[in-house]
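Please read them alongside the sequence and the coordinates.

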Amino acid sequence: MTSTDLNRDDVTGDATTPKLAAIVYNPVKVDIDDLRDSVEAEQTAAGWPETLWFETSAEDPGQGPARKAIAAGATLIIVAGGDGTVRAVAEAVHGTDCALALLPSGTGNLLARNLQLPLDDTRQALHIAFAGQDKVIDVCMIDIERADRSVDRHAYLVMAGLGLDAKMLANTDDALKAKAGWLAYVKALIAVGKDDSELRFRYRLNGQPEKSLRAHTIMIGNCGSLPASIELIPDAALDDGAFDVVVLKPEGLGGWVQIVSKVIWENGVLSRTKFGRKLRTGDVDALNYATGTELVLRLHGSEEIELDGDGFGTAVALKTWMDAGSLTLRVPTDDE
């Protein structure tokens, strides 16, 4: 079964539907005993029945448990885990009437950061889950073609990437990541930073004529905020029905200076105020932006690819598109 096997008719969400929450949790990243006590307190305060519990595994990072939760009647799934768990659960939940709530745990928590949800306050996150309001967001879908011509389909919520970021993730030591968090990515970044190889590919954006391009990195983002207050895509929005494409084409040290200036200064500082946004410049040679709803891309050879911060092997081609307004997320109420 794939996520497309569950449509909006599979789960009813009208006012007569009993409220039922399910926790899909990653046992590696969650203290289940402490979490149970907090969940019980919040569900009781909100007047909800006893919450269902489903555990992920290395073999099934979230899709299967999410489908079991929906089949059991859950109208809200609370995801307790990192970006990978959130992505996997959303892959099964999007397109249904079941809502999703986030209980961040892990290194990045990029979707939670972009939604400005609490990252280290379990009780507040659970309060939002049981007593918050719904926000409808877009989901990016992607078909990844492998070297053997097989194609697998996935969903992603934050970003897909080829080039530097994918190579960095492929070189990240998972044990070091568990101990040192983002320092593990710094070590991996140093390891791949000496790689000056280019991506060579043909692409077609929004059905326009096909073009060829050479670039260092290409990323497709549904939202644009990264850790350390880095605004890679300042104009990206989770509910605008489009994704943003970022292409990095640095030529030597000067190109990297352009990228850092654009991302750190213009995106990260100037974009915070109305006056500052007027001072922003357009594209620079080393960094280009575009928006779209469908991108078809074929690479010259196999390249590492990542989705929402997890390596997804290598790809020779991809097709990605927007499934607009297909996922309901629980967020704080307007008065919170």
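Does D152 count as buried, partly exposed or exposed, and at what relative accessibility? D152 counts as partly exposed, at 21% relative accessibility; buried means under 20% relative accessible area, exposed over 50%, and partly exposed in between, with a 1.4 Å probe and protein chains only.

1. Basis. This is a predicted model, in which local features need pLDDT of at least 70 and side-chain atom pairs count only at pLDDT 80 or more, while totals for chains, interfaces and linings use all residues. Residues are numbered from 1 along each chain as its sequence is written, and side-chain values use heavy atoms, with hydrogens and water left out.

2. Overall content. The protein chain has 10 helices and 16 strands, taken as DSSP runs numbered from the N terminus (helices H or I, at least four residues; strands E, at least two). Of its 336 residues, 51% are buried. Contact means heavy atoms within 4.5 Å; among contacts with a separation of 6 or more, 70% are between residues 24 or more positions apart. The chain exposes about 15900 Å², and carbon and sulfur atoms supply 50% of that area. Accessible areas come from the Shrake-Rupley method with a 1.4 Å probe, and for residues only the protein chains shown count as cover.

3. Salt bridge R146 to D152. The partly exposed D152 meets R146 in a salt bridge, at 2.9 Å from N to O. The term requires a side-chain nitrogen of Lys or Arg within 4 Å of a carboxyl oxygen of Asp or Glu. R146 counts as buried, at 16% relative accessibility. By this rule the structure has 10 salt bridges.

4. Salt bridge R123 to E42. The closest N and O atoms of this pair are 3.5 Å apart. The bridge links distant parts of the chain, with R123 in helix α5 and E42 in helix α1, 81 residues apart. R123 is partly exposed, at 41% relative accessibility, whereas E42 is buried, at 10%.

5. Helix α3. E91 and R87 form a salt bridge at 2.7 Å, N to O. Both lie in helix α3 (residues 83-93), four residues apart, or about one turn of the helix. An α-helix has 3.6 residues a turn, so residues three or four places apart point the same way. Both partners are buried: E91 has a relative accessible area of 8% and R87 one of 5%. Because 10 of the 11 residues of α3 are buried, the helix is largely enclosed by the rest of the structure. The buried residues include D83, V86, A88 and V93. Just after α3, G95 takes a positive phi of about 85°.

6. T85 and its surroundings. T85 is placed in helix α3 and is buried, with a relative accessible area of 6%. Which residues does T85 contact, leaving aside its neighbours within four places in sequence? They are N26, T56, P61 and V79.

7. Aromatic pairs. The structure holds three aromatic pairs. The definition takes rings of Phe, Tyr and Trp (its six-membered ring) with centres within 6.5 Å; planes under 30 degrees apart count as stacked, over 60 as edge-to-face and the rest as tilted. W48 and F130 are edge-to-face because their ring centres are 5.3 Å apart and their planes stand at 90°. W48 lies in the loop between α1 (32-46) and β2 (52-55), and F130 in helix α5 (residues 122-131), so the pair ties together parts that are 82 residues apart in sequence. W48 is buried, with a relative accessible area of 9%, and F130 is buried too, at 5%.

8. Charges over rings. The criterion is NZ of Lys or CZ of Arg within 6 Å of the ring centre and within 35 degrees of the ring normal. R36 lies over the face of W53, 4.4 Å from the ring centre. The charged end of K319 sits over the ring of W321, 5.7 Å from its centre.

9. Nonpolar surface. L253, W256 and V257 make a nonpolar surface patch of about 310 Å². Patches are made of residues with over 30% relative accessible area and no salt bridge; like charges are joined within 9 Å, and nonpolar side chains (Val, Leu, Ile, Met, Phe, Trp, Tyr) within 5 Å. W256 lies in helix α9 (residues 252-267) and counts as partly exposed, at 31% relative accessibility.
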